[in-house]
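Please look over the sequence and the structure shown here before reading on. The briefing that follows is arranged by topic, for a reader who is new to this structure.

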Amino acid sequence: MDVVYFAWVRERIGVPRETVETQAATVNDLVAELRAREDRYDLAFSDVSAVRVALDQSLSDFDASLAGVREVAFFPPMTGG
């Protein structure tokens, strides 16, 4: 599965995207796996209330299933007018 990072999430992790082999059933499970990898992931996901997620380019929730998902994107909340 491709995992894509944007803005300060990308800056903290240090890469814009990566391919991840995972057994995660939900986004929360994936985040837990990533956080266990290295400190940089733990820092980036230390407060998931400050992070949004999109599954195959559709906004989603952290409790969403990853079944059949090809791309997970993490990014900070957006503002605009």
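**Briefing**

D42 is partly exposed, with a relative accessible area of 31%; here buried means under 20% relative accessible area, exposed means over 50%, and partly exposed is in between, with a 1.4 Å probe and protein chains only. This is a predicted model, in which local features need pLDDT of at least 70 and side-chain atom pairs count only at pLDDT 80 or more, while totals for chains, interfaces and linings use all residues. Residues are numbered from 1 along each chain as its sequence is written, and side-chain values use heavy atoms, with hydrogens and water left out.

**Salt bridges**

- The structure holds 5 salt bridges, a salt bridge being a side-chain nitrogen of Lys or Arg within 4 Å of a carboxyl oxygen of Asp or Glu.
- D42 forms one of them with R35, the closest N and O atoms being 2.6 Å apart, and R35 counts as partly exposed at 31% relative accessibility.
- Salt bridges that share partners join D2, R17 and E71 into one network.
- Within the pair E71 and R17, the side chains meet in a salt bridge of 3.6 Å, N to O.
- Because E71 lies in strand β5 (residues 71–75) and R17 in strand β2 (residues 17–19), this pair ties together parts that are 54 residues apart in sequence; helices (H or I, at least four residues) and strands (E, at least two) are DSSP runs, numbered from the N terminus.
- E71 is buried, with a relative accessible area of 17%, whereas R17 is partly exposed at 44%.
- The side chains of R37 and E18 also meet in a salt bridge, at 3.0 Å from N to O, and this pair links distant parts of the chain, with R37 in helix α2 (residues 27–37) and E18 in strand β2, 19 residues apart.
- E18 is buried, with a relative accessible area of 17%, while R37 counts as partly exposed at 39% relative accessibility.

**The nonpolar core**

- The largest nonpolar core has 22 residues, and those with the most contacts inside it are Y5, L30, F45 and F74; such a core is a set of buried Ala, Val, Leu, Ile, Met, Phe, Trp, Tyr and Cys residues joined through side-chain atoms within 4.5 Å.
- The elements that give two or more residues to this core are β1 (2–5), α1 (7–13), α2, α3, β3 and β5, and the largest share, 4 residues, comes from α2.

**The sheet**

- An open sheet of 5 strands has the order β2-β1-β5-β3-β4, with mixed pairing, where two strands pair if DSSP finds at least two bridges between them.
- The edge strands are β2 and β4 (58–60), each of which pairs on one side only.
- β3 and β4 pair in the antiparallel sense over 3 bridges, and the bridge partner of L55 in β4 is S58.
- α2 packs on the sheet, touching β1, β2, β3 and β5, and its direction makes about 70 degrees with that of β5; axes are lines fitted to C-alpha atoms, for helices over the stretch in contact, and angles run from 0 to 180 degrees between N-to-C directions.

**V48 and its surroundings**

- V48 lies in the loop between α3 (39–44) and β3 (52–55), and V48 counts as partly exposed at 32% relative accessibility.
- Leaving aside its neighbours within four places in sequence, V48 is in contact with V31 and F62, contact meaning heavy atoms within 4.5 Å.
- The C-alpha atoms of V48 and E38, 10 residues apart along the chain, are separated by 16 Å.
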